[in-house]
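Hi everyone, thanks for coming. Let me put today's chain up on the screen, and then I'll walk you through it.

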Amino acid sequence: METATFLTGQFLLAMPGIGDPRFDQAVIAVCAHDEKGAIGIGVGAQIAGLGLHDVLEQVDIEPGDTPNAPIHFGGPVETRRGFVLHSRDWSGQDTIDVAGKWALSGTLDVLRAIAEGKGPSQWLVALGYAGWSGGQLDAEMTRHGWLNVSDDARMLFETETAQRWTRGFNAAGIDPRLLGTESGHA
């Protein structure tokens, strides 16, 4: 009997030549993956010209002393919906623990807590997500396009956005400069 391998708590790295410009050098933090499907938050690109203060203003939350952190492109699905990946030292209404590595929240209570200085000690905000139906991600993983790597929360909170893709490949022992843009066929 085969046992399914799920990728919750891992990172998906877009391979060169993935074929979809939305995912060029994408890094996706997989927050849930099971037989019903998967959801991940993109953490490899920021949305130009949009900061946390802009988002807080849109939802009528006073930013206080909160830094005007960049907003990440979470994925192509529901790009107006916000998500916060954060350290596990705070939990709110809908917070889910991601494999004991980080947490994911998607309601305004986390933004209010951050603005009040009472939220998680580490966090990043993203708009949108990447989603897969049951079996879809599993099938994609058998083709050229994604590499899954295991890493810890430092990938999210201590690595600059522009360096996450390279860090992921390095964690897998791969120099991304040596990768080609096409897969071979035997």
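Before we look around, one term: I call it a salt bridge when a side-chain nitrogen of Lys or Arg lies within 4 Å of a carboxyl oxygen of Asp or Glu. And a word on the source: this is a predicted model, where local features need pLDDT of at least 70 and side-chain atom pairs count only at pLDDT 80 or more, while totals for chains, interfaces and linings use all residues. Residues are numbered from 1 along each chain as its sequence is written, and side-chain values use heavy atoms, with hydrogens and water left out.

So, with that term in hand, how many salt bridges does a search of the whole structure find? The search gives six. Let's visit some of them. Asp175 and Arg177 bring their side chains together in a salt bridge, 2.6 Å from N to O. Asp175 is partly exposed because its relative accessibility is 25%, and Arg177 counts as exposed because its relative accessible area is 72%. For those words I use these cut-offs: buried is under 20% relative accessible area, exposed is over 50%, and partly exposed is in between, with a 1.4 Å probe and protein chains only. Asp97 is partly exposed, because its relative accessibility is 45%.

Now let me step back to the whole chain. Please count with me: there are five helices and 10 strands. Helices (H or I, at least four residues) and strands (E, at least two) are DSSP runs, numbered from the N terminus. The radius of gyration is 17 Å, close to the 16 Å that the globule rule gives for 186 residues, so the chain is as compact as a globular protein of that length. That radius is taken over C-alpha atoms, and the globule rule is 2.2 Å times the number of residues to the power 0.38. Along the principal axes, the C-alpha atoms fill a box of roughly 60 × 40 × 25 Å. Of the 186 residues, 44% are buried. As for contacts, meaning heavy atoms within 4.5 Å, take those between residues at least 6 apart in sequence: 66% of them join residues at least 24 apart.

Next, the strands, and β8 in particular. In β8 (residues 102–105), Trp102 and Leu104 point one way, Ala103 and Ser105 point the other way, and all are buried. In general, side chains of a regular strand alternate between the two faces of the sheet. Which strands pair with β8? Strands count as paired if DSSP finds at least two bridges between them. Strand β6 (residues 77–86) runs antiparallel to β8 and is joined to it by three bridges, with Leu85 opposite Leu104. Strand β7 (residues 96–98) is also antiparallel to β8, again with three bridges, and here Ile96 stands opposite Leu104. β7 and β8 make a hairpin with three residues between them, and Ala99 in the turn has a positive phi of about 55°.

Trp102 brings us to the aromatic rings. The whole structure holds four aromatic pairs. Rings of Phe, Tyr and Trp (its six-membered ring) pair if their centres lie within 6.5 Å; planes under 30 degrees apart are stacked, over 60 edge-to-face, and the rest tilted. One of the pairs is Phe11 with Trp102, a tilted one at 5.2 Å centre to centre and 35° between the planes. This pair links distant parts of the chain, with Phe11 in strand β1 (residues 10–14) and Trp102 in β8, 91 residues apart. Phe11 counts as buried because its relative accessibility is 0%. Trp165 and Phe169 form an edge-to-face pair, 4.9 Å centre to centre with 70° between the planes. Both lie in helix α5 (residues 164–171), four residues apart, about one turn of the helix, and both are buried.

Last stop: Trp146, in strand β10 (residues 146–150). Trp146 is buried, because its relative accessible area is 9%. Leaving out residues up to four places away in sequence, Trp146 touches several residues, among them Leu12, Ile18, Phe23 and Met141. Thanks, and do zoom in on any of these spots.
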